[in-house]
Amino acid sequence: MRKLLAMACAAGAILLPALAHAQGAVSVEDVADTGDTAWILVSSAFVLMMAMPGLTLFYGGLVRAKGFLAVLVQVGAIAAVASVLWVMVGYTLAFGDVSGGWLGAGNAWMLLNLGNVRANTAIPESAFALFQMCFALITPALMVGAWVDRARFGWVVAFTALWSLLVYAPVAHWIWGGGWLATRFGTLDFAGGIVVHTTAGVSALIVAMLLGKRAGFPKTLMLPHSPALTMAGAALLWVGWFGFNGGSALAANDDAASAIINTHLAACVAALVWIGIEKLSVGKATSVGFATGAIAGLATVTPAAGFIAPGSAMLFGIVAAAVCYPMIQLVKQRLQIDDSLDVFAVHGVGGMIGSLLLAVFISPSFGGTGFAEGMTLGRQIVAQVAGVGIVAVWSGIATVVCSLMVSMVIPMRVSEDEEREGLDITSHGERAWEFD
């Protein structure tokens with residue numbers, strides 16, 4: 001009897017693994033790392049915090065009081081519609097199964113048929129999709145700063161929805177989803193200098209030109225109604241950017257820590273240099289200047305945060321302030337384009353500069369992580385220039401198409417009377433502030 005029992009146990013020990021394999025048991029390689037997964041979930045919350053409430057307060061404080069609530073509602077509505085579209089179709093267009101192509105395959109509509117663990121990571125694909133959704137929702141929301149006080153709410157929602165599918169999702173695939181810019185050219189973008197800031201910045205400039213100037217621009221002084229709210233929003237953006245850049249390592253490791261250190265240093269240096277320029281040029285170091293400088297530094301270091309050394313990150317901060325500050329003056333004063341809250345000059349130009357500087361400072365000579373196999377300094381420069389240039393051109397053309405298509409159904413701009421009274425009342429029937 002004992003012999004029979006021993007033989008049965010031995011047979012079970014041999015057969016059970018085979019049976020488990022036959023029934024589709026998960027291998028060790030298919031099990032997500034809990035630490036990495038937790039970090040990506042937290043980073044997703046950080047990026048959502050950047051949009052709501054960070055971006056809403058940052059932009060809201062910069063506009064006049066009569067348009068504050070409209071900014072908040074627009075950012076919120078854009079985040080909501082972009083999230084829904086991302087789950088329905090955006091994710092599969094950006095990260096569906098295709099290598100070297102223009103769009104992802106339709107294997108993950110409505111986030112169906114997701115893999116267990118995302119390839120080349122140790123996190124569930126659902127966590128990856130969530131993290132990328134937060135990027136997809138904040139990118140079109142960045143453009144709100146270009147059209148404050150004059151864009152019609154319905155047009156804003158419809159335009160950004162279409163833009164998310166025609167601009168953001170394809171570009172995300174080209175660079176992050178195994179698409180042609182990454183595979184053929186070797187274009188790099190750690191956390192969104194091209195995918196996020198170049199697309200949003202260029203598109204914002206195009207929309208500002210199509211919409212036209214606000215009534216009174218540039219002769220009427222349009223001061224921020226609450227620099228305090230702008231500083232609070234910038235602080236939330238700054239903290240949230242740790243998840244934006246640190247989370248883009250897709251693991252809780254040294255790459256994430258390095259990206260966060262570089263992110264913080266670039267913001268610190270850019271903010272200090274910006275207020276230094278202000279002090280020399282206008283005699284005062286302003287809170288709005290400090291906040292704007294920090295955001296410029298954050299946008300500039302984003303494409304390179306995980307590839308460069310801390311010293312290089314500080315240099316990125318210096319360049320961000322030195323270039324983005326005069327770019328604001330060029331766009332508004334010389335070209336007289338009413339990019340109201342400087343989306344192109346700060347986010348667009350910052351993201352493009354950082355993407356180009358990456359080609360040089362990724363080199364081990366500057367403490368960077370080094371070039372990919374087969375890449376040299378010259379090839380990386382070509383790859384970055386091609387990535388920035390192609391994405392900028394595509395963003396501009398697609399923005400014109402999206403804008404005009406939507407405007408055939410919904411007018412782009414509110415009436416002069418509505419603009420004069422303020423969008424808070426005319427578009428939403430409410431006031432942000434009621435004083436008795």
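1. Among contacts in the chain between residues at least 6 apart in sequence, what percentage join residues at least 24 apart? The figure is 78%. Contact here means heavy atoms within 4.5 Å.

2. Some ground rules. This is a predicted model, in which local features need pLDDT of at least 70 and side-chain atom pairs count only at pLDDT 80 or more, while totals for chains, interfaces and linings use all residues. Residues are numbered from 1 along each chain as its sequence is written, and side-chain values use heavy atoms, with hydrogens and water left out.

3. Fold content and dimensions. The chain has 15 helices and 0 strands. These are DSSP runs numbered from the N terminus: helices are H or I with at least four residues, strands are E with at least two. The radius of gyration is 24 Å, close to the 22 Å that the globule rule gives for 436 residues, so the chain is as compact as a globular protein of that length. That radius is taken over C-alpha atoms, and the rule is 2.2 Å times the number of residues to the power 0.38. Along its principal axes, the C-alpha trace spans about 100 × 50 × 45 Å.

4. Burial and surface. Of the 436 residues, 53% count as buried. Buried means under 20% relative accessible area, exposed over 50%, and partly exposed in between (1.4 Å probe, protein chains only). The accessible surface comes to about 18,100 Å². Carbon and sulfur atoms hold 69% of that surface. The areas come from the Shrake-Rupley method with a 1.4 Å probe; for residues, only the protein chains shown count as cover.

5. Charges. There are 19 positive and 24 negative charges, and their mean positions are 6 Å apart. Lys and Arg count as positive, Asp and Glu as negative; His and the chain ends are not counted. Each charge is placed at NZ of Lys, CZ of Arg, CG of Asp or CD of Glu.

6. Aromatics. Rings of Phe, Tyr and Trp (its six-membered ring) pair if their centres lie within 6.5 Å; planes under 30 degrees apart count as stacked, over 60 as edge-to-face and the rest as tilted. The count is 25 aromatic pairs. One of them joins W174 and W180, edge-to-face, at 5.6 Å centre to centre with 65° between the planes. W174 is buried at 4% relative accessible area. W180 is buried too, at 9%. Elsewhere, W86, Y91, F95, F128 and Y168 form one aromatic cluster.

7. A191. This residue sits in the loop between α6 (180-185) and α7 (193-211). A191 is buried, with a relative accessible area of 0%. Beyond its neighbours within four places in sequence, A191 contacts F135, W176, V196, F244, N245, S248, T302 and P303. W176 is 15 residues away along the chain, and the two C-alpha atoms are 9.4 Å apart.

8. Cis peptide bonds. The bond from M52 to P53 is cis, with omega near 20°. P53 lies in helix α2 (residues 34-62). F217 and P218 are also joined by a cis bond, with omega about 5°. P218 is in the loop between α7 and α8 (227-246).

9. L111 has phi near 60°. It is in the loop between α3 (68-95) and α4 (125-142). L111 is partly exposed, at 26% relative accessibility. L250 also has a positive phi, about 60°. L250 lies in the loop between α8 and α9 (254-282). L250 is buried, at 18%.
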